[in-house]
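Hi everyone, thanks for making time this morning. Have a look at the sequence and the fold on the screen, and then I'll walk you through a few spots.

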Amino acid sequence: MENYNEVNVQNGQWYFSKQFGKCIYGTADVIYQNETISKANYSVVTEFIFLGLSNSQELQLFLFVFFFVFYGGIVFGNLLIVITVASDSHLHSPMYFFLANLSLADLSLSSVTAPKMITDFFSKIKAISFKGCFAQIFLLHFFGGSELVILLAMAFDRYVAICIPLHYTTIMCSKVCLGIMAAAWGIGFLHSVSQLAFAVNLPFCGPNKIDSFYCDLPRVIQLACTGTYRLDIMVIANSGGFTVCSFVLLIISYTIILMTIHSRPSDRSSKALSTLTAHITVVLLFFGPCIFIYAWPFPIKSLDKFLAVFYSVVTPLLNPIIYTLRNKDMKTAMRQLRKWNVNFRVKS
């Protein structure tokens, strides 16, 4: 029997092992003996090894430069949006308040995985500690879950502004915006805790190699020394259900908004359409990879790795580019911030 000592089994029969989640053939004494031995090996995994994106030294050097530039752009672009919104009084409105929080979530989400991936390009063994791995899972789902709710909040803001504009200032007051944002970060925290509750007590006794560049729940639970079918279903129901339901709500919201704009043409319709185009583009970029990673029941390893890169590095860079290039108010505020910075340097 695999992973068992050679013992002469007589009058054996099938036993179901709760430890391994499968049936094992042998006598009761043999099964008890081997499960006792196996329990001694529980939780021997103290670290996980990432297989990374490539084993080629030349390609890893290229990837290092590529992702280093990308991550630099993520930090600069998202911090620029947060500072611009905070410093310009003309941008102190619900839409830009949500945009600043979205940029903060994007920056945090990318920072969970990108720095570790970049430094690992120079490491022969790409290792992460057991606690570090689960910390990555927690933070990934915390910031990712919060970003889902922030995108829903942005859609709600546009719905109120376009469909019921006369009540906009009453509905989207500062207290409501702060409450929505507190709920967004709170829901992200609860979602992350619920994810870890599935996996934190799992036994890990080897192997410990993860075919990726960061820890995420669907990959880590596959390494557990127990049956993972129910856990896979829970992950799909939790993360997958959360993602799909949010995406459906967003599609319905933006469909209603577009129909309203079409039925009520005005001078501001082109500006509203430009803003909505940016919002919808960001939604598709964020939710596309999420749905395939967490909700698709038939994962493809090569595609999952590509989508993981897109989700954690590419999307957080594209979001600030999309919002700044298509938004005149943001571009004007950034020019003013640049002029203020130049004048400050001249005076000093």
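Let me start with a definition: on a 1 Å grid over the protein atoms alone, a cavity is a set of points where a 1.4 Å probe fits but cannot get out, and lining residues have an atom within 4 Å of a point. Grid points are joined across faces, edges and corners, and a volume is the space filled by probe spheres set on the points.

Before the numbers, some housekeeping. This is a predicted model, where local features need pLDDT of at least 70, side-chain atom pairs count only at pLDDT 80 or more, and totals for chains, interfaces and linings use all residues. Residues are numbered from 1 along each chain as its sequence is written, and side-chain values use heavy atoms, with hydrogens and water left out.

So, how many cavities of 30 Å³ or more are there? The count is three, and the largest cavity holds about 100 Å³ of space. Its lining includes Leu140, His141, Gly144, Gly145 and Leu148, along with His191, Ser239 and Tyr311. Helices and strands here are DSSP runs numbered from the N terminus (helices H or I, at least four residues; strands E, at least two). Helices H4 (130–163), H8 (229–263) and H9 (269–295) each supply at least two lining residues, and H4 gives the most, with five.

Zooming out, the protein has eleven helices and five strands. Of its 348 residues, 45% count as buried, where buried means under 20% relative accessible area, exposed over 50%, and partly exposed in between (1.4 Å probe, protein chains only). Taking contact as heavy atoms within 4.5 Å, residues 24 or more positions apart account for 74% of the contacts with a separation of 6 or more.

Next, helix H2, residues 57–87. Buried residues in H2 include Gln60, Leu63, Phe67, Phe70, Tyr71 and Ile74. As a reminder, an α-helix has 3.6 residues a turn, so residues three or four places apart point the same way.

Beyond four places in sequence, Ile210 touches several residues, among them Phe48, Cys133, Arg219 and Leu223. Phe48 is 162 residues away along the chain, yet the two C-alpha atoms are separated by 6.9 Å.

Val44 sits in the loop between helix H1 (28–40) and strand E3 (47–50). Val44 counts as partly exposed because its relative accessibility is 44%. Leaving aside neighbours within four places, Val44 is in contact with Phe204 and Cys205.

Last, Cys173 lies in the loop between helices H5 (168–171) and H6 (174–199). At 28% relative accessibility, Cys173 is partly exposed too. Ser93 is 80 residues away from Cys173 in sequence, and their C-alpha atoms are 9.2 Å apart.

Note on methods:
On a 1 Å grid over the protein atoms alone, a cavity is a set of points where a 1.4 Å probe fits but cannot get out, and a pocket is an open set with protein on both sides within 12 Å along at least five of seven lines; lining residues have an atom within 4 Å of a point.
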